[in-house]
Amino acid sequence: MKALCWHGKKDVRCDTVPDPRIEDPRDAIVKVTSCAICGSDLHLYDGFMMGMESGDILGHEFMGEVVEVGAADHRLKVGDRVVVPFTICCGECEQCCRGNFSVCERSNRNKALADKTFGHSTAGLFGYTHLTGGYAGGQAEYVRVPYADVAPVKITSGLSDDQVLFLGDILPTGWQAAVQCDIQPTDTVAIWGAGPVGQFAVRSAVLLGAKQVIAIDRVPERLGMAQAGGATTINCEDESVVERLNELTGGKGPEKCIDAVGMEAHATQSLDSLYDRAKQAIMLETDRPHVLREMIYVCRPAGTLSVPGVYGGLIDKLPFGALMNKGLTLRTGQTHVNRWTSDLLRRIEEGQIDPAFVVTHVAALEDGPEMYKTFRDKKDGCIKVVLKP
Amino acid sequence: MSATAFTRTATRHRRTRAAARGLGWFSIGLGVAQVLMPRLVAGVTGMRGSERFVRACGVREIVTGIGILAARRPGPWMWVRVAGDAFDFAALGNARNARRPASRALLAGVAAVAALDAGCANALDRIERRGRPPARDYHDRRGLPLPPVAMRGAARKDFEMPPDMATPALLAPWPPVALRP
């Protein structure tokens, strides 16, 4: 089959690889009908995520049709149309029983490696680093889905792929980012990054009743789309984020802040990012936490910081004194996708939200390597790429 | 503006900013070399005995480079580079061995970089004057069935806040507000 494989920094190729097969009775094989390139795929593309190996199949946002099921999978049957969440979960461990699916205790098959790196293992993820199991991803014609009797979301209505595909990652990620803020009707929610997750965070914050939603980015197309969803926008290239946020909140700062940027804050945006980039270059730091610093600084005391943006390793010069003294609540984590999928699918079916708005580019799987570049460089107004194998 | 014209303008702007960033890094690299190896640089440029001067120029290059990379509007910093180039040109021209072929090549090099700096500074000024190109229009990409103001709080009526993600009472808004309609 064809699949997009990682071969090194900025080197993604469409290779021919062996078809996947059932390895465990709880597995299923899914024929992919749509998959997407996620912002966190760019961390792999740019070589910022450790634990990748040449030939790894990328992709953790995908959906398709079940073509084979293992003997112990009594939930799915051949022909089912499913969206597959990016977090692999067993459904039986203590964390899964609590609904903390992204920290499933069993699904990471490289648990020992993750234990050493993070202290304790988190869930296995599709198409990501070997720290999270090194499972083959969904930017391919077929995927093996482990524990397929737990996470895949069956789609029985006539919704299009573009409407439901994002249930597997970015829609619940934006939603959880807003839910973690426990938005009150008096709240201003500031969202750094108006990429796909930021876009869904904007709409989630609106639907959850925020008084004011502010989106911060430097790409005009993204700011335009955020504005369409109900956000006041700040172009961080043209104006001071801190000054403008204080202006918009009567000098008090936003109550809730969401970091939808993560480890790759624009390197020449500010002096601290420049410093981070220099440290990255000599391997003294892995991530660029400009947004975290700015959120801590500008957030109203007793406010909440929600971090759906991905960080991979070590950061430097975090103003922890401000975080502690201001009594801020910090909420983080990969998304517990299955906590939200039924609710969000219902909202899509009822027409409360139509996630297809975020798709700006559709291409064939073979064009994937080129689309990685387009997405990374934000060329041609690119916000979200969907690939059709 | 048509989509093609938009793409062309956006590409031009991106290239200008990329060129400015490149020159910023070049400035830092040159500055670091001047600060760390003033004797070598002074020797190559025919300014032996002016090591302190070379080092001061290095500091100027580093500051200018950081300014170009970190400033929200790098145009003025780019003009500082152009002024620095003129200064360097004059200093090199007055150096003791300015007539030697190697120094002539050096002067030509400085002139070329100055031309590049001036071109880039001009282009940045043009971007500033004309404003940023209009973004590709995504204003029809609402994703919501009604305008956002009408959708505000639409999910609250049937959303149950998970207790593990709720704000502790002590951090809740004051005076208390109706949390759920």
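**Entry 1: the six-stranded sheet of chain A**

I began with the open sheet of six strands in chain A of this predicted model. I read its strand order as E13-E12-E11-E14-E15-E16, with parallel pairing. I noted strand E13 (232-235) and strand E16 (329-332) of chain A as the edge strands, since each pairs on one side only.

Which residue of E14(A) stands opposite A:Ala190? I found A:Cys257 in that position.

**Entry 2**

I counted two bridges between strand E1 (residues 2-8) and E4 of chain A, which run antiparallel. I checked A:Trp6 and found its bridge partner in E4(A) to be A:Asp56.

**Entry 3: the pairings of strand E18**

I turned to strand E18 (residues 385-388) of chain A, which three bridges join to strand E3 (residues 28-37) in the antiparallel sense. In this pairing I recorded A:Val386 of E18(A) as the bridge partner of A:Ala36.

I then followed E18(A) to strand E17 (residues 361-364) of chain A, where four bridges join the two strands and the direction is parallel. Here I noted that A:Ala363 stands opposite A:Leu387 in E18(A).

**Entry 4: the interface of chain B and chain A**

I moved on to the contact between the chains. I found 43 residues of chain B in contact with 65 residues of chain A. I noted about 4400 Å² buried between chain B and chain A, of which carbon and sulfur atoms give 54%. Which three residues supply more than any others of the area that chain B buries against chain A? I listed B:Arg72, B:Tyr138 and B:Met165, which supply 16% of that area.

I next examined the polar side of the interface. I recorded 22 residue pairs in polar contact between chain B and chain A, both residues being at pLDDT 80 or more. I also noted three salt bridges across this interface. In one salt bridge, the side chains of A:Arg339 and B:Asp164 meet at 2.8 Å, N to O.

Finally, I asked which helices of chain B each supply at least two residues of the side that touches chain A. I noted helix H1 (3-36), helix H3 (51-70) and helix H6 (148-151) of chain B. H1(B) gives the largest share of this side, six residues. Sorting the side of chain B that touches chain A by class, I recorded 23 nonpolar, five polar and 15 charged residues.

Conventions
Residues are numbered from 1 along each chain as its sequence is written. Chains are lettered from A and ligands numbered from 1 in the order in which they are written. This is a predicted model: local features need pLDDT of at least 70, side-chain atom pairs count only at pLDDT 80 or more; totals for chains, interfaces and linings use all residues. Side-chain values use heavy atoms; hydrogens and water are left out. Two strands pair if DSSP finds at least two bridges between them. Contact means heavy atoms within 4.5 Å. Buried area is the accessible area (1.4 Å probe) that two parts lose on being put together, summed over both. A salt bridge is a side-chain nitrogen of Lys or Arg within 4 Å of a carboxyl oxygen of Asp or Glu. A polar contact is a pair of N or O atoms within 3.5 Å; within protein, one must be able to donate a hydrogen and the other to accept it, and residues adjacent in sequence count only if both atoms are side-chain atoms. Ala, Val, Leu, Ile, Met, Phe, Trp, Tyr, Cys and Pro count as nonpolar, Asp, Glu, Lys and Arg as charged, and the others, Gly among them, as polar.
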